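Me: I have just opened this structure and would like to learn how to read it. Could you walk me through some features?

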Amino acid sequence: MNARTSCLGDFARYTSLNVLGMIALSCYILADTFFVSLGMGADGLAALNLAIPVYSFIHGSGLMIGMGGGTRYSIRKNQGDGASANRAFTSAICLAAGFAAVFFLIGLLLPGLLARLLGADGAVYAMTRTYLQVILLFAPAFLTNNLLLCFVRNDGAPQLAMAGMITGSLSNVVLDYVFIFPCGMGIFGAALATGFAPLISIAVLSPYLIRGKNRFRPVRCHLRPRRLAAICSAGVPSLVTEVSSGVVMIAFNAILLRLEGNVGVAAYGVIANLSLVVLSIFTGISQGIQPLLSARYGAGKKAELAVLLRYAVVTALAVSAVVYAVIFVFAGPIAAVFNSGDNARLQALAEYGLRLYFIACPFAGCNIILSVYFTSVERPRPGQLVSILRGFAVILPMAFALSALFGLTGVWCAFPAAEAVVTAVGAALYLRGPRPQLYQQLR
């Protein structure tokens, strides 16, 4: 089997499994959005949208530690340094425990203050506070699950990682319905269902660890700041990819509250939650190629890196074309699914926003993939730059500037405009950096 055939087979196996798992994982929030809108109307939808950024930060922190630790583990393992690989796992465990403790304490002591800071008031405040508190108290489960998923994937078991993600996510959908409707638990039930999902995923992964099939194990070692920083550095793009969704939501919520009130926030809730699902496809592609890139980089097979990157980008562009075509044609029915109260203004805002906002798909896909590519081959700084630009540095000023100039249209166009700018920067960083002589080495 030649190098290209081997790359294609591995790419198809890892990315397809991971995309399926990530789509299922993103259904956490999409299921919440659907059932909350059905059971609690526009106020419930607004409360959920205000709380989602905190979930994104918890999930992003887990991915940062898991992806950063998994990248370091895979490279060291393929370099034949098993001891260093296990030290990476041990350090990742300690980082996850530290982050989990901080989130747990915030949920225990400060959920009300956090809800106020996010802009919740009136009837929306109580629901936002409840959702935030439950999600934060389940933070240890979210971080543990993300850590194990990343290491299991880097240990050569992508099927098991996918099974864990899908099982947890499907259980969330079922429990959402049960807790909100038959049990009448409202927003608390939606949050509780989301919190139980990582516990179920961990249960699926546990036999792999209990039976000793895993090659990563905790070892006694000093917690060196340099190693901890290296893990976080390699995982920053994954954190920013997740957190940027939350940061953008906070900024857009503030702008839309001023322009359209709670109905505008609810309309954006439809768009933002669908965006989480779409972006999860690109995140799934990037997480799928990460073990392949790191393993080949560690083993010195650098000629295959460009092949894998090309497969990933072409796949992202094809997915983007299909997604945008579906959203453009079916914007009305999609918005109506989350508009149980038949609010005409909500329907109009969501339809208009869907068709503009998702122009960003091809740019966002390339940016997410490129940032993970850089960190997977030990080039963390370009990866961090791409992530920070798309997550904070470009999108925020773009949102405020375009909304001031063009009102609501500017809000919806800010995301695609920012992602397009970052794609140009990312392409320049890739072309300026060291790249393998692909065709020469694969002959």
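Reply: Let's begin with charges and rings: a charge sits over a ring if NZ of Lys or CZ of Arg is within 6 Å of the ring centre and within 35 degrees of the ring normal. Here, the charged end of R116 is placed over the ring of Y125, 3.8 Å from its centre. R355 likewise lies over the face of F328, with 5.4 Å to the ring centre.

Me: What should I know about the model and its numbering?

Reply: This is a predicted model, where local features need pLDDT of at least 70 and side-chain atom pairs count only at pLDDT 80 or more, while totals for chains, interfaces and linings use all residues. Residues are numbered from 1 along each chain as its sequence is written, and side-chain values use heavy atoms, with hydrogens and water left out.

Me: How many aromatic pairs does the structure hold?

Reply: Rings of Phe, Tyr and Trp (its six-membered ring) pair if their centres lie within 6.5 Å; planes under 30 degrees apart are stacked, over 60 edge-to-face, and the rest tilted. The structure holds 22 such pairs. In one of them, F11 and Y311 have ring centres 5.7 Å apart and planes at 45°, so this pair is tilted. Because F11 belongs to helix α1 (residues 3-78) and Y311 to helix α10 (residues 305-329), the pair ties together parts 300 residues apart in sequence. Helices are DSSP runs (H or I, at least four residues), numbered from the N terminus.

Me: Is S294 buried or exposed?

Reply: Buried means under 20% relative accessible area, exposed over 50%, and partly exposed in between (1.4 Å probe, protein chains only). S294 has a relative accessible area of 0%, so it is buried. This residue lies in helix α9 (residues 262-298).

Me: What does S294 touch?

Reply: Contact means heavy atoms within 4.5 Å. Not counting residues up to four places away in sequence, S294 touches T71, S74, I75 and S376. Its side chain also reaches the backbone oxygen of S376 at 3.3 Å.

Me: And where is T423 found?

Reply: T423 is in helix α16 (residues 408-432). Leaving aside neighbours within four places in sequence, T423 contacts F363 and N367.

Terms used: Helix = DSSP H or I, 4+ residues; strand = E, 2+ residues; numbered from the N terminus. Polar contact = N/O pair within 3.5 Å; in protein donor to acceptor, adjacent residues only side chain to side chain.
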